[in-house]
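Keep the viewer open and follow along.

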2 protein chains.
Amino acid sequence: MINASVRLQSVPASPIRKLVPFAMQAKKQGAKVYHLNIGDPDIKTPRVFIDVLHRWKKNPIAYGQSQGEPELIEAIKLYYAQQGYSFIRPKDIQVTIGGSEAISMALFAACDAGDEIITFEPLYTNYNSYAATTMVKLVPITTDSQTGFHLPAKSVIEKRITKKTKAILFCNPNNPTGTVYTQKEVQMLVEIAKNHKLFLICDEVYRDFVYDDKKHTSLFNYMEQMPEQIIIIDSFSKRYSLCGARLGMLISLNKDIMNGVLRIAQGRLSAGLIDQLMASKLTQVPVAFFESVRGEYQMRRNVLYMGLKKIAGVTLSKPEGAFYCIVTLPVNNSENFCRWLLTDFRLNKETVMLAPAAGFYRTSGLGQNQVRIAYVLNANDLRKSLHILREALKKYQTISHQ
Amino acid sequence: MINASVRLQSVPASPIRKLVPFAMQAKKQGAKVYHLNIGDPDIKTPRVFIDVLHRWKKNPIAYGQSQGEPELIEAIKLYYAQQGYSFIRPKDIQVTIGGSEAISMALFAACDAGDEIITFEPLYTNYNSYAATTMVKLVPITTDSQTGFHLPAKSVIEKRITKKTKAILFCNPNNPTGTVYTQKEVQMLVEIAKNHKLFLICDEVYRDFVYDDKKHTSLFNYMEQMPEQIIIIDSFSKRYSLCGARLGMLISLNKDIMNGVLRIAQGRLSAGLIDQLMASKLTQVPVAFFESVRGEYQMRRNVLYMGLKKIAGVTLSKPEGAFYCIVTLPVNNSENFCRWLLTDFRLNKETVMLAPAAGFYRTSGLGQNQVRIAYVLNANDLRKSLHILREALKKYQTISHQ
C-alpha cells in the first residue's frame with residue numbers, strides 16, 4: 001500500500017460543493033434544484049465581454065504574459081484610478097487565476113510554513129483550503145450573529161497575536177456573513193497591523209455590493225500610508241458576472257511581495273488568454289450596470305431577509321453587503337438537513353441546495369445548526385426557495401433523523 | 001520593515017521568462033525578436049475550438065464544476081479510449097488549470113513538506129517552482145548530452161532513494177532535452193517504483209511529438225498493473241495549440257489521490273468555463289491535424305539540428321521528441337549572452353531570444369554554457385534565427401564581456 005501525503009487529508013472538502021453529487025442525482029431524477037449554495041450570480045455578463053468571444057481573431061491561442069496581458073493591466077490601472085486610487089501602477093498589479101489564486105499567493109508570500117494568520121470566523125470556507133495547501137495556520141476569532149458578525153474589541157484581537165503571527169486576513173464586504181466593516185473597524189485593523197508589523201490582507205471581491213446607507217471602507221485608502229504591509233485581493237467574478245472566467249488580481253505596493261508573486265506566476269505561465277482579453281474591456285462596462293446590479297441584490301436581500309424572518313425557528317442578522325448570509329436553522333445538524341433536502345425532500349418536484357455552515361468555521365463544533373445562503377437567484381425563485389425551505393423544515397421536524 | 005516569507009525567495013525566476021522585459025524593450029526599440037525561448041507553438045489552433053467562441057451563447061459565464069465540466073471529462077475519457085486506454089473512467093480524471101496545476105497538485109498529494117522526489121536534470125524549469133511552492137525537495141540525477149540525456153543505470157537511481165523519497169518524476173518526451181525514453185527505460189522506472197513503493201509521476205504533455213522511428217512508451221500502459229502508484233500529467237496546450245487556454249489534466253487510478261486532488265480543486269472553484277467548453281471539442285480534431293503537426297515539427301527539428309551542427313563551437317544531441325533541445329554554446333555564461341542578444345545585438349534590426357539553461361538544472365553550476373531552444377517557429381524563421389545566432393556568437397567572441 002502506498003499512501004498519499006498526510007497533508008492532503010488536511011485539505012477540506014468544500015461545504016459549498018461537496019453535496020454536488022447529491023444535487024446532480026436529484027436533477028437526474030427530474031427534480032429542479034434552486035442553488036442557494038454557491039455565489040454564482042445569475043446576472044448576465046455584460047455584452048462587451050461576450051463580444052470579445054464573438055469577434056475572436058487571435059490564432060493560435062498562445063500563452064499570455066505571466067504578470068497579465070498588458071491591455072488588461074492597463075485597464076485595471078484605469079479602473080482603480082477611476083475609483084480614486086491613481087497611485088496604483090502596473091507593477092503593483094498581478095493578474096491571477098481567480099481571487100482564489102491571489103489569496104493562495106498572498107498566504108505563501110506573507111508566511112513561512114507553520115506561521116499564523118489571524119482571521120475572523122465564520123470565514124470564506126476556501127481560506128481553509130488555501131491555508132492547507134500553503135501550510136499556514138489560520139487563527140480564527142469567532143464573530144457572532146448577534147452583533148451582525150462585526151469585529152470584537154482591539155484587545156481581543158491583539159491577544160491572539162503570537163511570535164508566529166504574520167498577517168491579519170479579512171474579507172470586506174464579508175463572505176459568508178454579509179457584514180460590511182465600518183471605517184472604525186478597518187482603522188482598528190490598520191492600527192493593529194502597524195503596531196505589530198503585520199501584513200494586512202483584505203479580500204475585497206464584493207466591494208461593489210454594499211446596501212442601504214452603508215459605506216465600504218476600502219483598504220486602498222490606507223495603502224499609501226502603509227505601503228509595505230497591505231495586500232489587496234480583488235476579482236472580476238462577482239463585479240462583472242465573470243465567475244467562470246477565473247480572473248482576479250493581487251495588488252500591493254510591496255516590491256518584494258510583487259516580485260515574488262510574479263515568480264510564482266511565471267511557474268504557472270499565465271492566466272487564460274481568452275479570459276484576459278475579454279476582461280480587458282472592463283472599463284467599457286457602463287456605470288448603470290453596477291447601479292442596477294446593486295439595486296437588484298438589495299431587493300433580493302430584502303426578499304430573503306424578510307422571508308427568512310417569517311420562518312419559525314430561523315434566525316439571522318440583516319446582511320449589509322456581498323450576497324450571502326449565515327442563517328441559524330431549527331436543526332441539530334445542518335449538513336444532514338442539506339443532504340436530506342437533496343436526497344429525500346421534494347415540493348412539487350423542487351428542492352433547494354444550501355451550504356452547511358460548519359465548513360465556514362475553523363473552530364470545530366461551531367456552525368452545526370447554521371447554513372450559508374447565497375441570494376443569487378431572482379426574487380421569484382428566491383420566494384419559491386423560501387417556500388420550499390419552510391415546508392422542508394416543517395417536514396424535517398416531524399421525522400426521526402434530526 | 002516587514003519581510004516577505006523566506007520561502008518566497010526559494011521560488012526561482014523563470015529562465016524562460018525572466019528576460020522578457022529585455023525582449024519587450026528590444027521590441028519597443030523596433031527590433032524583431034525571434035522567440036526560441038518558449039514552447040508557444042505557432043501552429044494554428046484547430047477551427048473547431050475557435051468556433052466555440054464565435055458561437056458562444058452561455059450567459060452568465062458561470063463557475064464550472066471543480067472536477068471539470070462533464071462534457072469535457074466525457075471527451076477526455078473518449079480520447080483516452082481511442083488511444084487504447086479504455087479503462088480510464090471519469091472519476092480518474094481531474095481537469096486542471098494547465099499541466100502546471102496538475103504537477104503542483106501531484107507534488108502536494110504525493111509528498112509532505114520536506115519529502116523528496118527523484119527527477120532527472122536538465123529538467124523542465126517550472127518543476128523548480130512547483131517544488132518550491134509545495135515545499136518538496138527535488139533530488140536531481142544529472143543526465144548528459146553525450147548519451148542523448150537518456151537515463152543512467154538502475155543502480156545509479158536507486159542509490160538516491162532515501163526514507164524521504166516518495167516519488168520519481170519524469171517528463172516523456174522530455175522538455176527541455178527532447179529525449180524520448182525507450183520502453184526499457186520506462187520499464188526500469190516502473191520496477192524501481194514497484195520495488196521501493198514510490199509514486200511514479202509522468203508528465204506526458206508532449207506524447208504526440210515523437211519523430212523518426214522512435215516509439216513513445218506511455219505510463220498508461222502500466223497503470224492497470226500498478227494502479228495506486230501512477231500519476232499522469234497531461235495537457236491540451238501543445239497537442240491542440242491551446243497554450244493560452246490553461247487546461248490540463250491529472251490522471252490516476254488511486255482513489256485517495258483523486259479525492260484529495262478534487263478537494264484542492266474545490267478550493268479554487270473551477271478551471272475556466274470558456275476554455276473547458278472549447279476543449280470539449282477535442283475528439284472532433286481530425287487525425288490528419290496531428291500527422292501534419294508532427295511532420296512539421298520533425299522538419300523543423302531537422303532544420304534546427306542541421307543548422308546548429310554547422311555553427312562552430314555549438315554541440316547538441318539530436319532531439320527525438322517534444323520541440324526543445326539543450327544546446328551547448330561557446331560562451332562562459334549563457335545568461336549574459338542571452339541578455340546581450342536582447343539588449344545589444346541586432347542583425348538587420350533582428351535578434352533571437354533563447355532560454356539560459358542553468359535554470360533547467362537543480363545542481364548549481366551546471367548548464368552555464370547551455371541554452372534551451374524551442375523550435376516552435378516555421379522553417380524560414382528558424383533559418384533566419386540560426387543565421388542571427390551564428391553571427392551573434394561570432395561577434396560575442398570578439399568582445400570583452402564574455
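What follows is a short tour of a predicted model, from the chain contact down to single residues.

## Where the chains meet

Let's start with the contact between the two chains. Here 69 residues of chain A touch 69 residues of chain B. On the chain A side, five helices each put in at least two residues: H2 (47–54), H4 (98–110), H5 (126–134), H8 (255–267) and H9 (273–279). H8(A) gives the most, with 7 residues.

## Two helices crossing in chain B

Now look at H4 (residues 98–110) and H5 (residues 126–134) in chain B. Their axes come within 9 Å and cross at roughly 45°, which makes H4(B) oblique to H5(B). The crossing is right-handed.

Who's touching whom? From H4(B), the residues are B:Ser100, B:Ile103, B:Ser104, B:Leu107 and B:Phe108, and they meet B:Asn126, B:Tyr127, B:Tyr130, B:Ala131, B:Thr133 and B:Thr134 of H5(B). Sorted by type, this contact has 6 nonpolar residues, 5 polar ones and no charged ones. If you're checking the spacing by eye, remember that an α-helix has 3.6 residues a turn, so residues three or four places apart point the same way.

Over in chain A, 3 strands make an open sheet, ordered E9-E12-E11 with antiparallel pairing. E9 (324–328) and E11 (355–356) of chain A sit at the edges with a single partner strand each, so each has one side without a neighbour in the sheet.

E9(A) pairs with E12 (residues 370–374) of chain A through 5 bridges, in the antiparallel sense. To find your place there, look for A:Cys325, which stands opposite A:Ile373 in E12(A).

The buried ones are B:Ser334, B:Glu335, B:Phe337, B:Cys338, B:Trp340, B:Leu341 and B:Leu342. Their cover includes H1, E10 (350–353), E11 (355–356), E12 (370–374) and H12 (379–398) of chain B.

Is B:Lys27 buried or exposed? This lysine lies in H1 (residues 20–28) of chain B, and it counts as exposed because there are 12 other C-beta atoms within 10 Å.

Most residues other than glycine have a negative phi, and most peptide bonds are trans. Here are some exceptions. One cis peptide bond joins A:Asn59 to A:Pro60, with omega about 5°; A:Pro60 is in the loop between H2 and H3 (70–82) of chain A. Another cis bond links A:Asn172 and A:Pro173, with omega about -5°, and A:Pro173 is in the loop between E5 (165–171) and H7 (183–196) of chain A.

Then there's phi. A:Phe149 has a positive value near 60° and lies in the loop between E4 (137–142) and H6 (154–158) of chain A. It counts as buried, with 23 C-beta neighbours inside 10 Å. B:Leu269 also has a positive phi, about 70°, without being a glycine. Its loop runs between H8 (255–267) and H9 (273–279) of chain B, and B:Leu269 counts as buried with 25 C-beta neighbours inside 10 Å.

Technical notes
Residues numbered from 1 in each chain as written. Chains lettered and ligands numbered in written order. Predicted model: local features only at pLDDT ≥ 70, side-chain atom pairs only at ≥ 80, totals over all residues. Axes fitted to C-alpha atoms, helices over the stretch in contact; angles between N-to-C directions. Helix = DSSP H or I, 4+ residues; strand = E, 2+ residues; numbered from the N terminus. Parallel < 35°, antiparallel > 145°, perpendicular 65-115°, else oblique. Left-handed = near helix turned anticlockwise from the far one by under 90°. Contact = placed C-beta atoms within 7 Å. Nonpolar A, V, L, I, M, F, W, Y, C, P; charged D, E, K, R; others polar. Pairing = 2+ DSSP bridges. Buried ≥ 20, exposed ≤ 12 C-beta atoms within 10 Å, placed from the backbone.
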